[in-house]
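Visitor: Please pick one part of this model and go through it closely. I would like the helix packing and the charged pairs, with the cut-offs behind each term.

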Amino acid sequence: MLIDETHRPWALATVASFALAAAVYFSAATITDRPWSGGSAIGLLYGVVGFSMMAFAGLLSVRKKFPIWRIGRAQSWMRGHLWLGLLSLPLILFHAGFAFGGTLTRVMMWLFIIVVVSGLAGAALQHVLPRLMFERLPMETIYEEIPHVRAQLVTESETIVARACGALAVVSAPAAERESSDSAARLASVVRIEADESAPLREFYLAEMASFVANPDGGHPLSNRHQADQAFTRLRTVLPPAFHGAVADLENICEEERQLSRQKRLHVWLHGWLLTHIPLSFALLLLAIVHIVTALRY
């Protein structure tokens with residue numbers, strides 16, 4: 001979700017609501033001689049409004065599971081989730097008088113802070129990372145298709161070497177079914193390297209590149225752009241110009257593999273924060289309900 005001009009009304013309303021709530025809270029806390037109580041009329045008002053905003057933010061998950069429900073636009077739910085969820089924190093702090101109280105309240109408040117901070121971090125990541133991926137990953141593909149694309153790159157690289165060298169017989173297998181430790185050995189077992197001018201290309205592929213395309217995320221030297229540039233530069237110096245086109249094609253495949261690896265890492269950053277935010281949000285709502293029931297009974 002991008003924070004663009006459509007968020008301006010929500011942001012302004014959130015700031016105005018916070019300013020009004022803060023003014024009322026500090027005015028009431030200054031005027032009265034009694035200690036602030038969340039059970040007072042104004043304290044309860046802050047608690048009811050704050051919890052209502054928390055519940056609305058939590059209902060976003062339900063709304064996503066039932067997209068056919070015509071209850072508001074999905075984008076409006078997302079904006080409300082962000083801004084009302086953010087506003088609920090100071091309202092609950094006003095409700096509690098900035099006192100964390102007993103064990104349940106203390107756990108709930110720290111959990112609340114973690115949920116809000118993780119949500120803000122996630123919103124920032126969703127705002128920045130898609131643009132970063134668009135600018136730095138021109139070969140970006142659909143995330144779920146990465147294993148299939150990588151299997152195609154293995155076949156393509158083997159075909160390039162076979163076409164350039166002319167005496168390479170390779171039995172292709174999906175990259176997902178290969179182990180990086182035996183990939184080069186399997187290729188070497190079906191290759192007869194002749195003493196000709198294409199030998200350096202074949203040796204480079206079997207000794208270095210085959211293991212990289214079989215396991216691009218395994219910390220191979222070719223996963224480093226600078227080291228890969230040096231390796232391909234050295235390869236060009238020992239090959240006739242007729243093979244430089246094949247070298248360039250292999251170099252492009254290595255670059256695509258590196259971009260796919262970066263895409264996977266950025267994807268984890270883009271969505272990994274939800275593994276913290278969502279379960280803790282539901283835990284917070286559950287504890288809030290327990291707190292409400294306990295306060296009403298006792």
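Guide: What follows is a close look at one helix, its two partners and the salt bridges around them. The model is predicted: local features need pLDDT of at least 70, side-chain atom pairs count only at pLDDT 80 or more, and totals for chains, interfaces and linings use all residues. Residues are numbered from 1 along each chain as its sequence is written, and side-chain values use heavy atoms, with hydrogens and water left out.

The part in question is built around α7, a helix that runs over residues 199-214. Helices here are DSSP runs of H or I with at least four residues, strands are runs of E with at least two, and both are numbered from the N terminus.

Take the partner α8 to begin with. An axis is a line fitted to C-alpha atoms, for helices over the stretch in contact, and angles run from 0 to 180 degrees between N-to-C directions. Under 35 degrees counts as roughly parallel, over 145 as roughly antiparallel, 65 to 115 as roughly perpendicular, and the rest as oblique. The axes of α7 and α8 cross at roughly 160° and come within 10 Å of each other. The two helices are therefore roughly antiparallel. Their crossing is right-handed. A crossing has that hand if the near helix is turned clockwise from the far one by less than a right angle, and is left-handed if the turn is anticlockwise. Contact, meaning heavy atoms within 4.5 Å, involves Pro 200, Leu 201, Phe 204, Glu 208 and Met 209 on the α7 side, and Ala 231, Phe 232 and Leu 235 on the α8 side. Sorted by class, this contact holds 7 nonpolar residues, 1 charged residue and no polar ones. The classes are as follows: Ala, Val, Leu, Ile, Met, Phe, Trp, Tyr, Cys and Pro are nonpolar, Asp, Glu, Lys and Arg are charged, and the others, Gly among them, are polar.

The other partner is α9, residues 244-272, which packs on α7 at an angle of about 15°, with the axes 12 Å apart. This pair is therefore roughly parallel. The crossing of α7 and α9 is left-handed. From α7, the residues in contact are Leu 201, Met 209, Phe 212 and Val 213, while α9 supplies Ala 246, Val 247, Leu 250, Ile 253, Cys 254, Glu 257 and Arg 258. By class there are 9 nonpolar and 2 charged residues, and again no polar ones. Leu 201 and Met 209 of α7 take part in both contacts.

Now the charged pairs. Side chains of opposite charge can pair when their charged atoms come close. A salt bridge here is a side-chain nitrogen of Lys or Arg within 4 Å of a carboxyl oxygen of Asp or Glu. The whole structure has 9 of them.

Lys 264 is in helix α9 and Asp 217 is in the loop between α7 and α8 (225-237), so the pair links distant parts of the chain, 47 residues apart. For exposure, buried means under 20% relative accessible area, exposed over 50%, and partly exposed in between (1.4 Å probe, protein chains only). Lys 264, at 28%, is partly exposed, and so is Asp 217, at 41%.

Asp 229 and Arg 225 pair with their closest N and O atoms 3.5 Å apart. Both belong to α8 and sit 4 residues apart, about one turn of the helix. Asp 229 is partly exposed at 27% relative accessibility, and Arg 225 is partly exposed at 47%.

Arg 262 counts as partly exposed, with a relative accessible area of 28%, whereas Glu 255 is buried at 13%. Through shared partners, salt bridges join Arg 225, Asp 229, Glu 255, Arg 258 and Arg 262 into one network. Another member, Arg 258, is one of the α9 residues in contact with α7.
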